[in-house]
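Please keep the sequence and the 3D view open while reading.

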Amino acid sequence: MTTAQLDKMRLELRRGVLVLAVLASLKQPHYGYSLRRQLQERGIEIDEGTLYPLIRRLAEQGLLDSEWQQGEGRERRYYQLSELGADLLSQLTDEWQQLNAALSSLLGGATQESN
Amino acid sequence: MDLVQRYIAAVQRELPESKQQEIGRELQANIMDQLDALAEQKGELADIDIVAVLKHMGHPRVVARQFVPPQPLIRLSYMPLYQNTLFMVLGILFLLQVVQTTVSWLSSADMGLVRYLFSLASGFLDDAIFGFACITLGFWAMSRQPPTQSDACETDWQPEHLPKAGPGWQHISVQDIFTDLATYTFLLVVIWYPVWMSADQAESSGFVLSDQTHLLLKWFSPLAVLGIVVSLWQLRQRLWSHRMLMGNIALNLALVAATLTLAASGPLLSADIDQWQGVFELVDLERSAMLTLIIIAMFPLWEAGRDLLRLRKM
């Protein structure tokens, strides 16, 4: 497999998971940069070009509430999970846990077979 | 900070007007946060540091595209319907153009075959461009509407209503159907056009067939009508069935018989075709016309043989 193919598949694999990670992080209010920092600290690397448009899209879908606030002499747009977003996060979390359990068993089996 | 302003302005230029202010404002806040964080690590920032941050953000056009992804002109779910409509309409326009150009050709004394083909091609091209633009605009307008749930035919379907799985040739292409329709329509126009011509028009037209050939063609015209009916049936079914193959074999064999009968009957051409005088001898023209008809008969003969083989495989 070429690096380009691997990169493409990693991107596809991460795309859906990033939404879950962003929604989970926004249980607390965050502005763009602070959200990115928090995700980085938790081991999720995401570049600005992906994160900022993603937050806006989620807000446009009504999953996030947003508000401009003044802080440190500058305005910032804070995002937080909306009621609709919280419902969705709860459903997606269940879905993720089921998938994760199924995948862990599959991947564990595959690892044993390859050994 | 001038660099940041220039960068944000460049991103805004790539955005729809309604989103320029809001996205610009948010982008500025995000960039300033990054610069602040960098300044905390490095102290006062030089232009080169700002340039590095902006380069890392990406080209303004790419950033704008990430915020507002470009919308395709026609929604992906409409593409099969769009293509089908396009082929259908272009096929119908081609048929109409065949009729129109053939009528002009028959009523004109000085329109040769090359001019006929050129007129057919240019007329069709004009109509096709107009048709293409209208259909594309129509689908573009449909694509601007908010997406709805899948339409009824995509939800109310039963697997048992699907056609039986068969070989690839069983699917009849729209292009083939319209080619047949154009051929039969052309034949009918050529055969029956003189009926509507006035005596003066008939006199000045370049009609070159003999009376006997013309009479035979009139007798054979029900075959062309039958061909149109079969083609329309194919357009509705779009899949070769046992009955359709039988019908097509019968039609093609009848066409072979008609064409060979025509080739065997003489004279094929009108004796007073002045325009050929001095260029070809009438005998040579007769022989060429007969050979042409025999070659033409090979096409339906080949189709009949092909359908016979398909019938045996079904």
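The structure is a predicted model. Chain A and chain B bury about 1,700 Å² between them, and nine salt bridges are found across their interface. A search of the whole structure also finds three cavities of 30 Å³ or more.

**Interface of chain A and chain B**

- The size of an interface is often given as the accessible area lost when the parts come together.
- Of the roughly 1,700 Å² buried here (about 1,700 Å²), 48% is on carbon and sulfur atoms.
- In chain A, the residues that lose the most area to chain B are A:Arg56, A:Trp68 and A:Arg74, which together make up 33% of what that side buries.
- Chain A puts 18 residues into the contact, and chain B puts in 17 residues.
- Eight residue pairs are in polar contact across the interface of chain A and chain B, both residues being at pLDDT 80 or more.
- On the side of chain A that touches chain B, the elements giving two or more residues are α2 (32–41), α3 (48–60) and β3 (74–81) of chain A.
- The largest share of that side comes from α3(A), with seven residues.
- By class, the side of chain A that touches chain B has 10 charged, six nonpolar and two polar residues.

**Salt bridges**

- Side chains of opposite charge can pair when their charged atoms come close.
- Over all chains the structure holds 17 salt bridges, and nine are found across the interface of chain A and chain B.
- A:Arg56 and B:Glu22 form a salt bridge, at 3.6 Å from N to O.
- This pair crosses between chains, with A:Arg56 in helix α3 of chain A and B:Glu22 in helix α2 of chain B.
- B:Glu22 also forms a salt bridge with A:Arg77, where the closest N and O atoms are 3.0 Å apart.

**Largest cavity**

- Rolling a probe the size of a water molecule over the atoms shows where empty space is left.
- The largest cavity holds about 50 Å³ of space.
- Both chains contribute to its lining: A:Tyr31, A:Gly32, A:Tyr52, A:Ile55, A:Arg76, A:Arg77 and A:Tyr79 from chain A, and B:Glu26, B:Ala29, B:Asn30 and B:Asp33 from chain B.
- At least two residues of this lining come from each of α3 and β3 of chain A and α2 (17–42) of chain B.
- α2(B) gives the largest share of the lining, four residues.
- The lining of the largest cavity divides into five nonpolar, four charged and two polar residues.

**Second largest pocket**

- The volume of the second largest pocket is about 520 Å³.
- Its lining is made of 20 residues, and those nearest the centre are A:Leu11, A:Arg15, A:Leu18, A:Asp47 and A:Thr50.
- α1 (3–25) and α3 of chain A and α4 (60–67) of chain B each supply at least two residues of this lining.
- α1(A) gives the most to the lining of the second largest pocket, with seven residues.
- By class, the lining of the second largest pocket has nine charged, seven nonpolar and four polar residues.

Notes
Residues are numbered from 1 along each chain as its sequence is written. Chains are lettered from A and ligands numbered from 1 in the order in which they are written. This is a predicted model: local features need pLDDT of at least 70, side-chain atom pairs count only at pLDDT 80 or more; totals for chains, interfaces and linings use all residues. Side-chain values use heavy atoms; hydrogens and water are left out. Contact means heavy atoms within 4.5 Å. Buried area is the accessible area (1.4 Å probe) that two parts lose on being put together, summed over both. A salt bridge is a side-chain nitrogen of Lys or Arg within 4 Å of a carboxyl oxygen of Asp or Glu. A polar contact is a pair of N or O atoms within 3.5 Å; within protein, one must be able to donate a hydrogen and the other to accept it, and residues adjacent in sequence count only if both atoms are side-chain atoms. Ala, Val, Leu, Ile, Met, Phe, Trp, Tyr, Cys and Pro count as nonpolar, Asp, Glu, Lys and Arg as charged, and the others, Gly among them, as polar. On a 1 Å grid over the protein atoms alone, a cavity is a set of points where a 1.4 Å probe fits but cannot get out, and a pocket is an open set with protein on both sides within 12 Å along at least five of seven lines; lining residues have an atom within 4 Å of a point. Grid points are joined across faces, edges and corners, and a volume is the space filled by probe spheres set on the points.
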